[in-house]
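User: I am new to this structure and would like to learn how to read its features one at a time. Could you take me through them slowly?
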Amino acid sequence: MIFVFHTYRFGPGQPYNFGYEMGRIGRSIAQGNGFGNIYGGLTGPTAYEPPLYPYIVGGVFKLCGVYSPLSALVLLSINAVLSALTCIPIVHIAKRCFGETTAVGSAWTWAFYPFAIYWSTTWIWETVLSTMLLAVLFWVTLAMDEYDGLKPWIWFGFVWGITALSNATLVSFLPASGLWAARQHVKRNKPWLLGAVVASLLFLACLTPWQIRNYQTFHHLFFVRDDFGMNLRVGNGPEAKGAWLKSQIPSQNPAEFARYVSMGETAYAAAQGHQALQFIKQNPGRFIVLCVKRFLYYWGGNPRPSVFHVATPANLFEIAFESATSAICFWGLIRSVKKRVPGAWLFFWLILLYPAVYYITFPNLRYRQPLEPFIIILGISLTAAKAGASLQTTPR
């Protein structure tokens with residue numbers, strides 16, 4: 001798909017937007033200016049993005065050229081390989097929870113899934129990497145109680161640490177994942193406390209270098225990223241309608257860019273967060289309505305002005321596809337919980353916890369991608385169950 005549609009090529013004026021913030025930080029790293037300059041120019045250090053993927057971009061830019069077609073080809077090829085490898089945890093998760101028929105069906109569905117292909121072949125971002133890491137974590141969590149000793153806990157802590165450095169939002173699932181793993185050990189009368197401590201220490205060890213860098217640079221502590229205040233303002237304000245507010249993003253609004261530069265990153269994010277909280281306190285009813293809209297947008301398609309007035313067939317397909325797959329996912333989840341499928345409650349907590357922050361900030365189609373493997377598994381499990389029921393009722 002990369003070669004057929006030449007997604008690694010871009011015209012004049014496009015390189016600056018190739019990878020957006022990830023690309024700009026990667027360029028800064030490759031040019032020897034450090035982890036920063038997120039909005040162009042020499043605006044200084046940043047912690048608006050986790051470090052893992054920008055360093056991958058910076059390394060590729062260093063070797064293959066900044067914003068070069070070769071760099072684009074390499075980065076998209078990495079995405080394609082990671083997306084393909086995601087089939088492995090999908091197979092193991094589905095087989096462990098629902099059986100081999102669901103496992104095979106889920107893997108083939110992922111291989112041809114439209115959004116899996118789209119994000120891996122067109123978008124320079126951590127989306128594909130985070131999707132694979134979350135699937136691996138889910139698989140590791142399910143399998144931990146089958147092994148003795150500290151080795152599974154070591155893997156658990158290490159993979160969670162790497163994941164946090166790729167996408168900090170995924171850490172919202174960590175408490176449920178850890179408690180579920182501990183509970184499975186208790187049910188099998190296996191020791192878990194020492195393993196949990198080792199996993200926690202390893203998780204913190206993975207984050208420590210980045211946390212030290214941020215404290216030395218910005219002189220206060222925060223978890224991985226310091227842009228929550230800005231993101232809260234991007235989704236909440238007098239002009240908010242449920243989608244993100246382009247006018248509040250420094251890269252899209254020269255006035256906001258000037259404020260970002262003059263105030264500094266952390267002060268700017270804090271000021272934006274203060275404005276958002278003031279709006280929420282003064283308009284609690286409207287905030288609830290916005291949260292409901294964002295929930296619907298997250299599960300029913302990417303929010304845009306045309307969301308209720310479809311302008312193109314692509315818009316209609318996106319909304320219909322996302323709405324249908326979400327409905328099937330919820331149906332499959334409810335059925336799994338009722339049938340006491342192994343791991344059903346782990347699916348429940350993941351789908352409950354991970355998207356929650358986007359209901360209060362702003363949704364985007366890309367933010368649903370880490371859940372797509374699980375949406376597919378739950379959907380295919382329904383198909384497999386229906387097929388099995390049909391075979392049982394068909395006269396021989």
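Predicted model: local features only at pLDDT ≥ 70, side-chain atom pairs only at ≥ 80, totals over all residues.

User: Is leucine 290 buried or exposed, and what does it touch beyond its neighbours in sequence?

Analyst: Burial is read from relative accessible area, with under 20% counting as buried. Leucine 290 has 2% relative accessibility and is therefore buried. Once residues up to four places away in sequence are set aside, leucine 290 touches Gly235, Asn236, Ala240, Lys241, Gly242 and Phe279.

User: What can be said in the same way of asparagine 214, starting with the helix in which it lies?

Analyst: Asparagine 214 is part of helix 10, residues 193-218. With a relative accessible area of 1%, asparagine 214 is buried. Apart from neighbours within four places in sequence, asparagine 214 is in contact with Ala47, His219, His220, Phe222 and Val224.

User: Moving on to pairs of helices, at what angle do helix 7 and helix 8 pack?

Analyst: A pair of helices can be read from the angle and the separation of the two axes. Helix 7 (residues 127-143) and helix 8 (residues 151-164) pack at about 160 degrees, and their axes are 10 Å apart. This angle makes helix 7 roughly antiparallel to helix 8, and helix 7 passes helix 8 in a left-handed crossing. Leu133, Val136, Leu137, Val140 and Thr141 of helix 7 meet Phe156, Val159, Trp160, Ile162 and Thr163 of helix 8; by class, these residues are 8 nonpolar, 2 polar and no charged.

User: How many degrees is the crossing of helix 9 and helix 16?

Analyst: The axes of helix 9 (residues 174-187) and helix 16 (residues 344-353) cross at roughly 165 degrees and come within 9 Å. Helix 9 is thus roughly antiparallel to helix 16, and the crossing of helix 9 past helix 16 is right-handed. Ala176, Ser177 and Trp180 of helix 9 make the contact with Leu346, Trp349 and Leu353 of helix 16, and this contact has 5 nonpolar, 1 polar and no charged residues.

User: Finally, how many disulfides does the structure hold?

Analyst: Disulfides are read from the distance between cysteine sulfur atoms, and a pair has to be within 2.5 Å to count. The structure holds 0 disulfides. For cysteine 329, the closest cysteine sulfur is in cysteine 97, and because the distance is 13 Å it is too far for a bond. Cysteine 329 is buried at 0% relative accessibility, and cysteine 206 is also buried, with a relative accessible area of 17%.

Notes: Residues numbered from 1 in each chain as written. Heavy atoms only, no water. Buried < 20%, exposed > 50% of the residue type's maximum accessible area, 1.4 Å probe, protein only. Axes fitted to C-alpha atoms, helices over the stretch in contact; angles between N-to-C directions. Helix = DSSP H or I, 4+ residues; strand = E, 2+ residues; numbered from the N terminus. Parallel < 35°, antiparallel > 145°, perpendicular 65-115°, else oblique. Left-handed = near helix turned anticlockwise from the far one by under 90°. Contact = heavy atoms within 4.5 Å. Nonpolar A, V, L, I, M, F, W, Y, C, P; charged D, E, K, R; others polar.
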